[in-house]
Amino acid sequence: MTLGYREDIDWLRAFAVLSVVAFHFETPGIHGGFVGVDIFFVISGYLITGIIQAEVKQGTFSFARFYERRVRRLLPALYAMVALSAIPSSYYLLASERAEFFRSVAAVVTFTSNIFFWLQSGYFDHAAEEKPLLHTWSLAVEEQFYLALPVLVWIVLRAAPKSRIVLPLLLTALTLASFALSIMLMRSDQSANAFFMSPPRAWEFLVGGLVALPGVPVLRDARAQLAARGTALVLMAIPILSLRPGSGFPGINALLPCIGAALYIWSGIGVPTAQPPWYSYRHVVRFLGQISYSLYLWHWPLFAFARFAKPSLVLDVTDRIALFALVVAISALSWHVIEKPFRARRLAPTRRAAFGLAAAASLVLLLGSAAGLVVSQASSVSDPVVARLEAYDAYDYRALYRAGSCFGTDSSIPDESCLRLATGKTNVLLWGDSFAAHYYHGLAANIDPRAVNILQAAQPTCMPTFNAAAQGTTACHDFDAHMQAFLGDRRPDLAVLSADWLEYARPPRFAGMIDDLRIVIGSLTAAGTRVVLLGPSVQFVSRLPSMLLRAHLGGVVPKADDVVLPDIFALDAMMRQALPASDRFTYVSVLDAICPQRQCPLTIDDGVPLSWDHAHLTAAGSEYVMRRLVPIIGLSR
């Protein structure tokens, strides 16, 4: 590997960081921009592996020098971003969010933020926008990789200095093992582990590392280089434009961006960089690549705090354009004032000074994290509205949704008591995911238990379908297979289907979702069961209690138009048209029932939020909604 500067690597960095920023800024069409992080992993693996093996071969490698370079490259800008983010956090974050922020500061300093956010991941976790340091998970993965790879490469090259196959074979074996681990975790419903943890991510670095090894053939023909580079860009663009956030990533879906990045890097090996004219666009692209690290660091906290600064928590197009310009300006300043001076040794000129300053800064941030956590947890709130709304951060939905028995069981199979038919009563099956479970409490409160028996079968992220192959997780496969067997020999009088249709209908999945629902509806109605499908539930742009609290603290009256997710209304119309009423089947629009003229209620019963997160109903919310739906369904007392 040639250790000289490659401008095309900066182009790739620019491509990667702009993909991530565009995704986080919710740019139309850039649904899979999060794969820019995977492209960065490949770049890092290529550069670090090449540098280490070249220096070991030359006899100049030093662990102290290697880690000094990493300290100078990563920590100054990172620590500056973390420290400065603490200032707006004291103003814009709520008490619980502020406490989480200061805990995440400690995780950043200890290179464990990927583990910290993995431990927080879950079906009902807080919105990403409430975590200004969430993006540092990828830096922790990278830092953990830097702890392992140098030692491994050094040992192999010292043990077999003349062998040309030991290191490639070992790195290839580790790449395949890491990729296999990622696939295994994805198939065992542990996508959060595959996403956040270093071992199942290591293959992405190692793919880049393999390209850096000596002996890799180099393209000499200019047309072949151009073709390879074009192919690489297509491979990276496909997931950026087509992937959607969800439990299907990384795993097999991370292959295209990583292979594309490796192909792009390989196609440029040995290609000299020509100096472009002063007016060339390449200067802009190279500049964005040079500031890509600072751009990645700053874009997310600035986006999060900018949202908090808006009463509606929504940034319009003008806001986002202005914010992007601000992010670029701050990132350029960070590169010039922080990154370059430390890397060029104008600041902390010696190794001892660099390590000493890093240790002192780490200690200051850890002490600041502890102090901030203490202050955040101190109960100093006298406003009863604030206290009531903050309590929803720890809302206990389990009994309301019958979690652990009829919803979200470990085996993914509902307990027998949840699906027991009752003789002499109308047996109503409530079937779906959490968007079915959150109706149980309200349904039970609005029917006559002497006349109606409620059966419940609900599993997180599982659509009510007989097409188990269409489901993304093993738990959903088992759940769907169980429900198909149950309904094969038992017949409830009424089946009420509800789910997070907005998630299952994300392009290009709407047609497939409708086809699956038609099969289920046809099968149930043919067996004599009446079917009611509840359309999209009310969903909000962020956690409703947090938005209400911010509006209260800012003296603003929240409006439904600002906080209700508009996509639900379009989906409701599409589903109503695709699933017309027929014999024994009725489509019920939840939105028509509770949101006249699209004005959905935000609070009910003296200020109780309709939802305790972005969509799932509170106890009062469930009663309120079902009070209006039960007569439409035909189950009035």
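Colleague: Which residues are linked in a network of salt bridges?

Modeller: Those are E68, R72, R345 and R351. Keep in mind that this is a predicted model. Across the structure there are 25 salt bridges.

Colleague: What makes R201 and D38 a salt bridge?

Modeller: Their side chains meet at 2.6 Å, N to O. The cut-off is a Lys or Arg nitrogen within 4 Å of an Asp or Glu carboxyl oxygen, so the R201 and D38 pair, at 2.6 Å, counts as a salt bridge.

Colleague: Why can the R201 and D38 pair be said to tie parts together?

Modeller: R201 sits in the loop between α8 (191-196) and α9 (202-212), while D38 belongs to helix α2 (residues 36-58), so the pair ties together parts that are 163 residues apart in sequence. Both R201 and D38 are buried.

Colleague: How do you know that E55 and R65 form a salt bridge?

Modeller: The closest N and O atoms of E55 and R65 are 3.7 Å apart. The limit is 4 Å, so this pair qualifies as well. E55 is in helix α2 and R65 in helix α3 (residues 63-92), so here the linked parts are ten residues apart in sequence.

Colleague: Let's turn to Q456. Why does Q456 count as buried?

Modeller: Q456 has 0% relative accessibility, and buried means under 20%, so Q456 is buried. Q456 is part of strand β2 (residues 452-458).

Colleague: What makes the pairing of Q456 and R402 a polar contact?

Modeller: The side chains of Q456 and R402 are joined at 2.9 Å. The cut-off for the N or O atoms is 3.5 Å, so 2.9 Å is within it. The Q456 side chain also reaches the backbone oxygen of Y401 at 2.9 Å. Beyond its neighbours within four places in sequence, Q456 has contacts that include Y401, R402, C406 and F407.

Colleague: Where is K340, and how far in space is K340 from R72?

Modeller: K340 is in helix α14 (residues 317-343). With 32% relative accessibility, K340 counts as partly exposed. Leaving aside neighbours within four places in sequence, K340 is in contact with W335 and R346.

Colleague: Which residues make the nonpolar surface patch, and why can V166 belong to it?

Modeller: I165, V166 and L169 make a patch of about 280 Å². Patch residues need over 30% relative accessible area, and V166 has 35%, so V166 passes that cut-off. V166 is found in helix α7 (residues 166-187).

Colleague: And how many residues are in the largest nonpolar core?

Modeller: The largest nonpolar core has 199 residues, and those with the most contacts inside it are L78, W431, W501, M513, L533 and M575. Helix α13 (residues 292-309) gives the most to this core, with eleven residues.

Definitions and conventions:
Residues numbered from 1 in each chain as written. Predicted model: local features only at pLDDT ≥ 70, side-chain atom pairs only at ≥ 80, totals over all residues. Heavy atoms only, no water. Patch = residues over 30% accessible without salt bridge, like charges linked within 9 Å, V, L, I, M, F, W, Y side chains within 5 Å. Areas by Shrake-Rupley, 256 points an atom, 1.4 Å probe, with all protein chains shown as cover. Helix = DSSP H or I, 4+ residues; strand = E, 2+ residues; numbered from the N terminus. Buried < 20%, exposed > 50% of the residue type's maximum accessible area, 1.4 Å probe, protein only. Core = buried A, V, L, I, M, F, W, Y, C linked by side-chain atoms within 4.5 Å. Polar contact = N/O pair within 3.5 Å; in protein donor to acceptor, adjacent residues only side chain to side chain. Contact = heavy atoms within 4.5 Å.
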